[in-house]
Structure formats: C-alpha cells, structure tokens
Amino acid sequence: MPILDQLPRISLAFLPTPLHEAPNLARALGGPRVFIKRDDMTGLAFGGNKARKLEFLVADALAQKANVLITTGAAQSNHCRQTAAAACKVGLRCILVLTPSHHEEFQGNILLDALLKAEVVRCSAEAQAETLARVAADERARGNTPYVIPVGGSTAVGAMGYAAMMGELAGQLRRLALSPAAIYFSSGSAGTHAGMLLGARLYGLDLALMGVSPSRPTPHVQAEAARIASEGASILGMSLAAAPADFEVDDAFIGPGYGISTPASLEAVRLFAETEGILIDPVYTAKAAAAMIAHIRAGHFRPDQTVLFLHTGGTPALFSYADDFS
Ligand SMILES: Cc1ncc(COP(=O)(O)O)c(C=O)c1O
C-alpha cells in the first residue's frame, strides 16, 4: 500500500471533486479544450483547496492531542475560514491571527469566521510571526495544547492533500481518456504546488504545472515550493530533492498587489460567469484564470490539446469585492 494512503487523515472534503469540460469558455477563447477541476466544491464551509490540506493537518493535530488550532492569514483568508470550519467539525477551538486585508468589511470570510466561532487576534503584517508565537505560548501557559498551522496550511503534511489530489485526477483523466498539456492554478504559499509536484511524480502524471502567483515574486514561491516538496518527499519515502527551478511560477498577473483586482482578473471573473455560470474569486483564481486566458489567446496551445484549470475556491471573498464590479 503506498505510504500516502497510510498517513493519518480525517475526512473533511467531499471527494472526488468533479472534473468537467468548459466548452463555452473554450469556444470564447478559440483555443484548446478546457476542463475545470472543481476544488471549489470540496464542501467544507463553501469549499476550496484548504479542505484537502486540512484532512492531513487536523489528523496530525488530533494525533498530537491538540485541543486548539491556531493559524494565520489576511483578514479575508480562505485558509483561515476553512480551518475554523474544520475545528468546528472535530470539536476543537480555533484561534485566527489575522493581518489587514484589502477589504475589511464584515463580509465574505470575515463574516464566516465569526459564524464559525473563531477567536480572532488582529495584528499588523510585520507582527504576524511574533503574534502567532505569542498566542501559542499563551495557550500553552494556560495548560492547552495548541497545533500551529502556518500561513495557507503549507507544510509538508498539508501538501499531502494535493499529492493525493493528483491520484484522484489521474483516475479521472484515465476514465475520460485525456492527456492534458497543462494545469493552471493559483500558487500562493506553495503547499498546493508542492503537493501537486509530488503527486505528479507518484502517479506518473505528465503535464505542465502552471502555478500563478497572486502575491509574491516567482523566486519566493519557487523556493517555498521546493522546500515543502523536499520535506514532503521524505514523508513519502521518495528520493526527490526538489529544486526551485522544478516549479513553474508566473508572477506577471499579480498587478498592483495581493488582493487588488486588475483589468485581466475582472475580465476572467466575468468570462467564467458568463460562459459557464462558474464563479471564481478576485484574489486567487481570477489571477490564475487570467494567466490561462492570456496564454491561450497568445497561442500557447493547439486546438487539439487540452488544458485544465484547478478551481481552488475562494468565492466567499467575491462578496467583499462588490465595488470592483459595480
Ligand atoms: C482560493 C485559493 N486559491 C489558491 C490558494 C493558493 O494555495 P497555496 O497557498 O497552497 O499556494 C489559496 C491560498 O490561500 C486560496 O485561498
């Protein structure tokens, strides 16, 4: 039995997520066939990619007898919202250390965190690491056992969720007799990307992993992905020393900054909605979609090829971006 199948894991997501064709979108772009892998439908508190990581992270927390999950992100973090939901599901407390976001109103993920009874500690971006450490130390001093999850759940343990996703995807592609040229996805804290590289090697999936950064420059994301993948490889007993250059990361679609819409990202949101009735989010998936759209329009793929888009969720944030669309 592969090591991945023996790791501690709890069930939080509805799996497998659908993989389906997006013919209207493909027609509008006039290029290859396009299929969408719907990780926005993992189900946990409106879905998203973090549910897969949390299946392994929360199992690890429970194995360590933790009674409180502590994590951090920007105020509109999808990872924080799904961590709060996972904590509810397994009966743990959840503390979120939140830094300022571009959209701070009581909407989107901020509203959902409150409904999910997360305990919120606010701090500046500069004080994030120190605050996270202090909150964990305070909990320990009170006799609690915290389990600290870094930004985005991007540890080697969390990355196992996306190594496993590639096995799921390999099976779906086999059944559909598809050999896609590339899969586009948002690569932020790089755990998704690292896991996908491990899974691609494990399951023999030969397609380009096109990570698109929503925030950080390419070398930063590549270095993080390589670090997490190398650690993940040792969990899986794989002889793999991942290097930054193993990770394709495009930072050309960030625009003015994290969480700030661009003309291309706004067009991507509208195009997915108008052609397929699929909602993507302005912070992550719209920028990844903008990259895929630009590359298809620039003729990177032939009409007889197939391109995948990994919808990693994030749609609750859409509601705090109403101004960008009015
Ligand atoms: C909707 C969405 N997509 C993609 C990502 C990026 O995933 P990762 O941080 O694993 O690179 C995130 C991270 O927060 C996210 O919320």
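Start at Lys-65, in the loop between α3 and β3 (68-74). This is a predicted model. Check the backbone of Lys-65: phi is positive, about 60 degrees, although the residue is not a glycine.

Next, select Leu-15 and Pro-16. The peptide bond joining them is cis, with omega about 0 degrees. Pro-16 belongs to the loop between α1 (3-6) and β1 (19-21).

Which pocket holds the ligand? The ligand sits in the largest pocket. Two elements give two or more residues each to the shell around the ligand: α3 (50-63) and α8 (191-203).

Color by domain. Domain 1 covers 3-48 + 155-325, and domain 2 covers 50-152. Both give residues to the shell, so the ligand lies between them.

Show the shell itself. There are 16 residues around the ligand. Select Lys-53, Gly-188, Ser-189, Thr-192 and Thr-312, which come nearest. Then color the shell by class: two residues are nonpolar, twelve polar and two charged.

Finish with distances to ligand oxygen atoms.

- Thr-192: an N or O atom in the side chain is 2.7 Å from an oxygen atom of the ligand.
- Ala-190: here a backbone N or O atom lies 2.9 Å from a ligand oxygen atom.
- Tyr-284: a polar side-chain atom lies 3.4 Å from an oxygen atom of the ligand.

How much of the ligand's accessible area does the protein cover? On its own, the ligand has 390 Å² of accessible area, and the protein covers 97% of that.

Technical notes: Residues are numbered from 1 along each chain as its sequence is written. This is a predicted model: local features need pLDDT of at least 70, side-chain atom pairs count only at pLDDT 80 or more; totals for chains, interfaces and linings use all residues. Side-chain values use heavy atoms; hydrogens and water are left out. A residue is near a molecule or strand if one of its heavy atoms lies within 4 Å of it. A polar contact is a pair of N or O atoms within 3.5 Å; within protein, one must be able to donate a hydrogen and the other to accept it, and residues adjacent in sequence count only if both atoms are side-chain atoms. Accessible areas come from the Shrake-Rupley method with a 1.4 Å probe; for residues, only the protein chains shown count as cover. On a 1 Å grid over the protein atoms alone, a cavity is a set of points where a 1.4 Å probe fits but cannot get out, and a pocket is an open set with protein on both sides within 12 Å along at least five of seven lines; lining residues have an atom within 4 Å of a point. A molecule sits in a cavity or pocket if more than half of its atoms lie within 2 Å of its grid points. Helices (H or I, at least four residues) and strands (E, at least two) are DSSP runs, numbered from the N terminus. Ala, Val, Leu, Ile, Met, Phe, Trp, Tyr, Cys and Pro count as nonpolar, Asp, Glu, Lys and Arg as charged, and the others, Gly among them, as polar. Domain bounds come from an automatic or database domain assignment.
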